[in-house]
Amino acid sequence: MSVLFLLVGALVLLYLGVGGLIAATVLTLATVAGAFIDGWHIASILIGGLALMATLLLVVPNPLRQDLLSRPLLGWVRGKLPTLSDTETEALQSGSVDWDGELFSGRPNWDRLLDSKHAHLTPEEQAFLDGPVETLCAMLDDWHITNELFDLPAEVWTFIREQGFFGLVIPKANGGKGFSATAHSEIVMKISTRSVSTAVTVMVPNSLGPGELLMHYGTDAQKEHYLPLLAGGKEIPCFALTSPVAGSDAGAIPDKGIVCKGEWNGEEVLGLKVTWNKRYITLAPVATLIGLAIKVYDPDKLLGESEDIGVTCVMVPHDLEGVHSGARHLPMNTVFMNGPTWGTEVFIPMEQVIGGENMLGKGWKMLLECLSIGRSISLPALGAGAGKVASLATGSYALTREQFGRSISQFEGVQEALEPIAGYTYMMDAARLFTSGMLDRGVRPSVPSAVLKYRNTDLMRIVINHAMDVVAGRGVITGPRNFLARAYQAVPIGITVEGANILTRSLMVFGQGAIRCHPFIVEEIEAAGMEDNNAAVEKFDSIFYRHIAHTTRNAMRSFILALTGGLLEPVPSQGNLQSSYRQLARFSAAFALMTDVTLLTVGGGLKARQRLSGRMADCLVHLYYASAVIKQWHEEGYPDDQRPLVDWCLQTSLRDFKTSMREVIINFPVPLLRWPLRILAFPLGATGLNGPDDTLGAEVAASIVKDTPLRQRISRGSYVNTDPGDPLGRVLNAYRLANETRELRGRLHEALRNRDEDELGGIDLLMGHQRKELVDWACEQGVVKGEECDKLLEALEALYDVIRVDAFEADGLNALARCTKGKRKVVERAAKEEE
């Protein structure tokens, strides 16, 4: 009994997370109590005492533990922990940990989630959205931009510059707007619902580029000179990172700068001779200030003893001799300025190094920290914007489009496609606002930024594909009437840029997160790397046993919470989401356990186990997005009308987590661990949590079809235009008229069903162009009366107009082909010049 009481006490303390002297006292009392029940039998005292001593040796720090256990364990652990390159070490040191750390802990603090400050807009930011952003959207004709001009109109460029769109995040003291990350996200998202090309043009100078790098790292002189010029649009920036031979592996860039002396403004100064060849650079064709990531070398040791200085960020004026730019790429029929830039031995002084000479070699960390901001805003905003415009347009189209005498929105097959459009759009928006709120609190979310970029762009692809399925032929035929084609064509851009999704999912999200967010791994790696072995043993001893307790506790929590349905977990009562909280707590424990087992068994081989890493990344994604949905509903005051969407999102996330975790376990690279892990994570089998049922799915699908405040909430932040001559406005106008004339059209259809065979005088009801004759007949029969006749005709005209597609005369297409051919020749000449 003494040993039994000791074991039970140890397990309870581990589950509760109690350690140190309190644990030692409780374990001693438990052992004594067991010996008392045994009647103070000598065997009980002896065995219980030995067990207690062995346990206390592990629980309480002491020199004996260091020598007998920690020293040999450190040698073993050194062979298991992943080794980190210099760039990986810098990546881990950049950014900060927020809610992602709670999810990796296995015991998320829900009060921290609900109490954290959320995203919000100031009155000034809202006024900018309602004023200049609204005006800019009204100026945009996407067909004209992408198929006729191949550029933004001159007046749009002028408006963007003069209204400060290039200086959204630059401080007011430097001539910018000084807007929050949330405002930046809202602005980009709204513009993207109108024109992807314009949205990218606006977002790039405000995310990764000279402006942001100068704000955080520039010298005072650089800030005073460049930031006002950038904010006012007098300088147009770009930032060139990607090289032809170093795409995803940005650390392998071959572009270089050689430290030397050269002439600048008539004086000999110390500087760099820069040689680069970059591609896929947004705004490069029109940029006046080219930011570059290069590797700096000092072969003559003009700066010190080291020849290899490292990655550095510099600024090159476009009009220096030897600078080449102006040629353009055309990314998937979007026409934002994007192209190559190159130069050979272009001399720049040290004052053109961002941050000055002191920041030589520190460019990689600078880029990582700024990328964590840009990836949290720009592309996630595009994804959410695509979802919102798809919800608005596709829901409207589904209501107005009739087949077999019924709106197609009533068909279950169509509802099955509308359901994820609505649900994933709400989910993307919640994650977007959750993460921008982190940024506005001063967090640099390196792991959440990768999660958000990967997932929002992936959901964008899913949502747009479903929208195309619903709209069908109406979405396939491109032309001025098409309201989905450009979003469909732009999907691969978001998937590919700022870290391709395959790379982000399989290497970055979990590969960095498992170490960056883990409560102990970083310190253990530091201990293993210390040269002083005694100091290393001491540091390791202070961490390792807490790590073992952490892993054991998560194993117990995963098992017990799975058996009990999470009933032992204290969770918030707000919103009546206790079941979801408990399942998320259970899965967080399972995820933390799998993280530790993966690091312990796979260790440095994790980079090669990209299927494993990718599935674990998916697990983190589902935990993060479920948390974001809970947070968003909480911030909005738990409105009842959003409940179906919230339930759909949470049930979908839990189902997808279960699927991903099951795939991790059944494919785990150590076969002997598969069954133990399955028992700990799914002791009752991977049953239940099957996702939304058909009833809930139909309710979610209806949320973007029915004209309710919920539909407006889902599309909130998108540009709305009801002009019947506008691609989207045409659909929204028809939607409005369909709702206003529902009763009239119902009377008409009823009268048609009950008519005599020859009553219509030969009018073929299947011919859509006979709408006027049909309405005249209805008026003559008294089915509709007075002003109702004109209203009904207007509605029928709009409903027919919304399904029409563009058709081009041969002469028009030939003229367009000649124009395109001429532009292509110019690009080909530029490409040959580059070679």
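**Loops, helices and a cavity in a predicted model**

F668 lies in the loop between helix 25 (643-666) and helix 26 (674-681), where helices (H or I, at least four residues) and strands (E, at least two) are DSSP runs numbered from the N terminus. The structure is a predicted model, in which local features need pLDDT of at least 70 and side-chain atom pairs count only at pLDDT 80 or more, while totals for chains, interfaces and linings use all residues. Residues are numbered from 1 along each chain as its sequence is written, and side-chain values use heavy atoms, with hydrogens and water left out.

With a relative accessible area of 0%, F668 is buried; the term stands for values under 20%, with exposed for those over 50% and partly exposed for those in between (1.4 Å probe, protein chains only). Neighbours within four places in sequence aside, the residues in contact with F668 are M594, V597, T598, T601, L612, L673, R674 and L677, contact being heavy atoms within 4.5 Å. F668 and R611 are separated by 57 residues in sequence and by 9.8 Å in space, C-alpha to C-alpha.

The protein chain has 33 helices and 9 strands, and 55% of its 835 residues count as buried. Among contacts between residues at least 6 apart in sequence, 77% join residues at least 24 apart. The accessible surface of the chain comes to about 35,200 Å², and carbon and sulfur atoms hold 55% of that surface; accessible areas follow the Shrake-Rupley method with a 1.4 Å probe, and for residues only the protein chains shown count as cover.

Helix 15 (residues 363-400) contains S391, which is buried at a relative accessible area of 2%. A polar atom of the S391 side chain lies 2.8 Å from the backbone oxygen of G387. Beyond the neighbours within four places in sequence, S391 is in contact with S396, I421, A422, T425, I704, R711 and I714. Helix 13 (residues 210-217) is largely enclosed by the rest of the structure, because 6 of its 8 residues are buried. The buried residues of helix 13 are P210, G211, E212, L213, L214 and Y217.

Two loop residues have a backbone feature worth a look. F150, although not a glycine, has a positive phi of about 60 degrees. This residue, F150, sits in the loop between helix 9 (142-149) and helix 10 (154-162) and is buried, with a relative accessible area of 9%. M332, also not a glycine, has a positive phi of about 50 degrees. The loop that holds M332 runs between strand 6 (323-324) and strand 7 (338-349), and M332 is partly exposed at a relative accessible area of 44%.

Across the whole structure, the search finds 2 cavities of 30 Å³ or more, a cavity being a set of points, on a 1 Å grid over the protein atoms alone, where a 1.4 Å probe fits but cannot get out. The second largest cavity has a volume of about 50 Å³, a volume being the space filled by probe spheres set on the points, which are joined across faces, edges and corners. Its lining residues (those with an atom within 4 Å of a point) are V196, V200, F336, L382, M460, A490, I493 and G494. Helix 12 (196-206) and helix 19 (485-496) each supply at least two residues of this lining, and the largest share, 3 residues, comes from helix 19. By class, the lining of the second largest cavity has 7 nonpolar, 1 polar and no charged residues; Ala, Val, Leu, Ile, Met, Phe, Trp, Tyr, Cys and Pro count as nonpolar, Asp, Glu, Lys and Arg as charged, and the others, Gly among them, as polar.

Note on methods. Polar contact = N/O pair within 3.5 Å; in protein donor to acceptor, adjacent residues only side chain to side chain. 1 Å grid on protein atoms, 1.4 Å probe; cavity = no way out; pocket = protein on both sides within 12 Å on 5 of 7 lines; lining within 4 Å.
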